[in-house]
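Welcome, and thanks for taking a look at this one with us. Below is a short tour that moves from single residues to the whole chain.

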Amino acid sequence: MKSRMKSAARVQIALLFYTTFNIVMFTAATYAGTLFPPLVPHTGLVIACMMALGLIGGLPLAWAVGNALPRDWHQGLIARQSPLAHEPAREI
């Protein structure tokens, strides 16, 4: 079960990185295609090529980032009391 939790956390981290990476790639492709004058006539092709590069190249990169992050991120979230709050400040 513990290895499955680590795999699930790794997939979640990889998906978060992958979607963010592709948003950045799309934004960069749009800016490059529309603001760089020699590329303006080929804007659609520039955006399509950069997006294909991002979609294909982002997969192994996202998987590597999901594995490289600190081990604390691979564990499930556990609700625990703050070490600064030894007892409640008021009646609950």
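Is Thr20 buried, partly exposed or exposed? Thr20 counts as partly exposed, because its relative accessibility is 42%; here buried means under 20% relative accessible area, exposed over 50%, and partly exposed in between, with a 1.4 Å probe and protein chains only.

## About the model

Please keep in mind that this is a predicted model, in which local features need pLDDT of at least 70 and side-chain atom pairs count only at pLDDT 80 or more, while totals for chains, interfaces and linings use all residues. Residues are numbered from 1 along each chain as its sequence is written, and side-chain values use heavy atoms, with hydrogens and water left out.

## Overall make-up

The protein has two helices and zero strands. Both terms refer to DSSP runs numbered from the N terminus: helices are H or I with at least four residues, and strands are E with at least two. Helix H1 covers residues 2-35, and helix H2 covers residues 43-68.

Of the 92 residues in the protein, 20% are buried. Among contacts with a separation of 6 or more, 66% are between residues 24 or more positions apart, where contact means heavy atoms within 4.5 Å.

A polar atom of its side chain sits 2.8 Å from the backbone oxygen of Leu16. Along the chain, Thr20 and Ala62 are 42 residues apart, and their C-alpha atoms are separated by 9.8 Å.

Ser7 is also placed in helix H1. With a relative accessibility of 42%, Ser7 counts as partly exposed. Its C-alpha is 9.3 Å from that of Asn67, a residue 60 positions away in sequence.

## An aromatic pair

How many aromatic pairs are there? The count comes to one, with rings of Phe, Tyr and Trp (its six-membered ring) pairing if their centres lie within 6.5 Å; planes under 30 degrees apart count as stacked, over 60 as edge-to-face and the rest as tilted. The pair is Phe17 and Phe21, whose ring centres are 6.1 Å apart and whose planes meet at 15°, so the two are stacked.

Phe17 and Phe21 both belong to helix H1 and are four residues apart, about one turn of the helix. Phe17 is partly exposed at 27% relative accessibility, and Phe21 is partly exposed at 22%.

## Where the helices meet

Asn22 is found in helix H1 and counts as buried, because its relative accessibility is 9%. Setting aside residues up to four places away in sequence, Asn22 touches Met51, Gly54 and Leu55.

Phe26, another residue of helix H1, is partly exposed with a relative accessible area of 43%. Its contacts, not counting residues up to four places away in sequence, are Ile47 and Met51. For Phe26 and Ile47, 21 residues apart along the chain, the C-alpha separation is 7.1 Å.

Thr43 is found in helix H2. At 16% relative accessibility, Thr43 counts as buried. Leaving aside neighbours within four places in sequence, Thr43 is in contact with Gly33 and Thr34.

## A nonpolar surface patch

Which residues form a nonpolar patch on the surface? They are Val11, Leu15 and Trp63, with about 280 Å² of accessible area together. Patches are made of residues with over 30% relative accessible area and no salt bridge, joining like charges within 9 Å and nonpolar side chains (Val, Leu, Ile, Met, Phe, Trp, Tyr) within 5 Å. A salt bridge, in turn, is a side-chain nitrogen of Lys or Arg within 4 Å of a carboxyl oxygen of Asp or Glu.

Trp63 lies in helix H2 and is partly exposed, with a relative accessible area of 41%.

Conventions. Areas by Shrake-Rupley, 256 points an atom, 1.4 Å probe, with all protein chains shown as cover. Polar contact = N/O pair within 3.5 Å; in protein donor to acceptor, adjacent residues only side chain to side chain.
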